[in-house]
Amino acid sequence: GMALTAELDPDSVLDLLLDHVARVTPYDSATVMRLENGRLRAGRTRGYERFGVEKEAAALDLAMEEILNLRQMAESHRPTVVPDTATDPNWAYTSASAHIGSWAGAPIVARGRLIGILSLDKVERNFYTPQLAGRLAAFTAQAGLALENAELYAEQKRLAVTDGLTGLPNRRRFDAELARELDRGARFQRPTSLVML
């Protein structure tokens, strides 16, 4: 858990989440979806290349309202399972989900608002049970906290190098960029010119 909350890069948080979950809850493929303006988009994916659908999985973009399982999870903030996708009338087939026999999902919540969903897939039917979904909740609670920290940190970093009034890069950003370019020039033994207007 500590590694997750100590991480300050949002993508690294998602990668760590998928690593940690794999130790407790097996999956054949998995996605961490981020919720933006009512749409769920794939943030990070694992395992879809085995089924030849990694491009489809990475391009996932769903209106959350349209998919009952996801909508219920968003409203209840509780994990949900589809033990057998073949017998569930609400299961939504997509080009990336043909291999899925059993599915588990858990909401990622920060300060009471849904910010994403952890989605786990198994080829084997009846693999995921409601008891197992409860285990996922502990992970996604940590992930929510970690993601929020990472996003606050990214925003603070952005504000530190941006002028509040104009939104333009500030002197601190200029100094950092100049140092980087001078360093690059020295490394490749090329002169660096600076034009002041």
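## Basis

The model is predicted: local features need pLDDT of at least 70, side-chain atom pairs count only at pLDDT 80 or more, and totals for chains, interfaces and linings use all residues. Residues are numbered from 1 along each chain as its sequence is written, and side-chain values use heavy atoms, with hydrogens and water left out.

## The sheet

Six strands form an open sheet in the order 3-2-1-6-5-4, with antiparallel pairing. Strands (E, at least two residues) and helices (H or I, at least four) are DSSP runs, numbered from the N terminus. Two strands pair if DSSP finds at least two bridges between them. Strand 3 (61–63) and strand 4 (80–82) are at the edges; each has a single partner strand, so one side of each lacks a neighbour in the sheet. The twist averages 25° from one strand to the next.

Strand 1 (residues 29–36) runs antiparallel to strand 6 (residues 113–122), joined by six bridges. Ala30 lies opposite Leu120 in strand 6.

## Packed helices

Helix 2 (residues 10–24) packs on the sheet and touches strand 1, strand 2, strand 5 (102–110) and strand 6. Its direction makes about 65° with that of strand 2. Axes are lines fitted to C-alpha atoms, for helices over the stretch in contact (heavy atoms within 4.5 Å). Angles run from 0 to 180 degrees between N-to-C directions.

## Arg46

Arg46 belongs to strand 2 (residues 39–46). Leaving aside neighbours within four places in sequence, its contacts include Asp15, Leu18, Tyr27 and Ala30.
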